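Please open the structure in your viewer and keep the selection tool at hand. The stops below say what to select and what is there.

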Amino acid sequence: MKKYIFILLGCVLAFPLIAQGRKYSTFYQQRVTLFEALPITADDIVFIGNSIINGCEWSELFDNKRIKNRGISGDVCLGVYDRLMPVLKGKPSKIFILIGTNDLSKGVSSDTIVYRIGMIVGKIKEESPSTVIYLQSILPVNDCYGMFKDHTAHWKDVKLINDRLKQLTEKEGIRYIDLYSFFVEENSEKMNPAYTNDGLHLLGKGYLLWRDIIMPYVLEE
């Protein structure tokens, strides 16, 4: 009995150290280990980012089995950067990126977010130069629901970041996709409530709109 008590005590004492040493969430680790086991090929189109990417069935939405979902709920810019290699070693034909909202919720500055997205772009260009990169604007958010307050409190920062991201794409010679203008409420800088029920994530109607916006980019050769 004493042996089991000592084992249990050791686990309890070790847990805070494990938690402190963990860079990302357990869900992040679960998804990454799955992605590492699922190969990417040169014919594939990859969608990578946070929960807004994670939450869609992209291959079904476009009726295209070549489209692969590499979204992780809660992910941040450095999280995407750190897990790029399993994607890039397959030299995918296209990568669609959407990331940065969770960084805002953690108090990361706009300058740092843009810089870190630049790191992602740079790594893709270095490791898989034939891959066409599409950098999508961050979606607007809306604080009217009183949910995800750490995210939606930064609604004024989103447009500024997107302006900077557009400049980044011009500098890097990659494609910029403006989603923001389609999802923002008229005469506002907040997400149109028609596309969300929590101010952060999208309803089905939002994903259908997203599909229609980027369809030409998905289909272009």
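Begin with Gly173, which follows helix H10 and has a positive phi, near 70 degrees. The model is a predicted one.

Now select H10 itself, residues 155-172. Its 18 residues reach 26 Å from the first C-alpha to the last, close to the 26 Å expected at 1.5 Å a residue. Colour its buried residues: Trp155, Val158, Ile161, Asn162, Leu165, Leu168 and Thr169. They lie on the same side of H10, because they cover an arc of only 115 degrees around the axis. On the other side of H10, look for the exposed Lys156, Glu170 and Lys171.

Which elements do the buried residues of H10 pack against? Show helices H7 (101-105), H8 (110-127), H9 (149-152) and H11 (180-183), together with strands S4 and S5 (175-177).

Next, show the largest nonpolar core, which has 30 residues. Ile95, Ile97, Ile117, Ile120, Ile124 and Leu165 have the most contacts inside it. Elements giving two or more residues to this core include strand S1 (45-49), strand S3 (94-98) and H10. The most comes from H8, with six residues. Select Ile124 and its surroundings: among the residues it touches are Leu84, Leu88, Pro129 and Ile133. Apart from this core lies another, of 25 residues, among them Trp58, Leu98, Leu179 and Phe183.

Move to Gln136, in strand S4 (residues 132-136). Is Gln136 buried or exposed? At 1% relative accessibility, it counts as buried. Its side chain makes a polar contact of 2.8 Å with the side chain of Trp210. Gln136 also touches other residues, including Ile53, Phe96, Ile177 and Ile214.

Select Lys23 and Asp82, whose side chains meet at 2.9 Å, N to O. Lys23 lies in the loop between helix H1 (2-21) and helix H2 (26-37) and Asp82 in helix H5, so the pair ties together parts 59 residues apart in sequence. Lys23 is exposed, at 60%, whereas Asp82 is partly exposed, at 37%.

Finally, select Glu220 and Arg175, a salt bridge with the closest N and O atoms 2.8 Å apart. Glu220 lies in the segment after helix H12 (204-219) and Arg175 in strand S5, so this pair joins parts 45 residues apart in sequence.

Conventions:
Residues are numbered from 1 along each chain as its sequence is written. This is a predicted model: local features need pLDDT of at least 70, side-chain atom pairs count only at pLDDT 80 or more; totals for chains, interfaces and linings use all residues. Side-chain values use heavy atoms; hydrogens and water are left out. Helices (H or I, at least four residues) and strands (E, at least two) are DSSP runs, numbered from the N terminus. Buried means under 20% relative accessible area, exposed over 50%, partly exposed in between (1.4 Å probe, protein chains only). A polar contact is a pair of N or O atoms within 3.5 Å; within protein, one must be able to donate a hydrogen and the other to accept it, and residues adjacent in sequence count only if both atoms are side-chain atoms. Contact means heavy atoms within 4.5 Å. The expected span of a helix is 1.5 Å times one less than its number of residues. The arc is that of the directions from the helix axis to the C-beta atoms. A nonpolar core is a set of buried Ala, Val, Leu, Ile, Met, Phe, Trp, Tyr and Cys residues joined through side-chain atoms within 4.5 Å. A salt bridge is a side-chain nitrogen of Lys or Arg within 4 Å of a carboxyl oxygen of Asp or Glu. Lists of a residue's contacts leave out its neighbours within four places in sequence.
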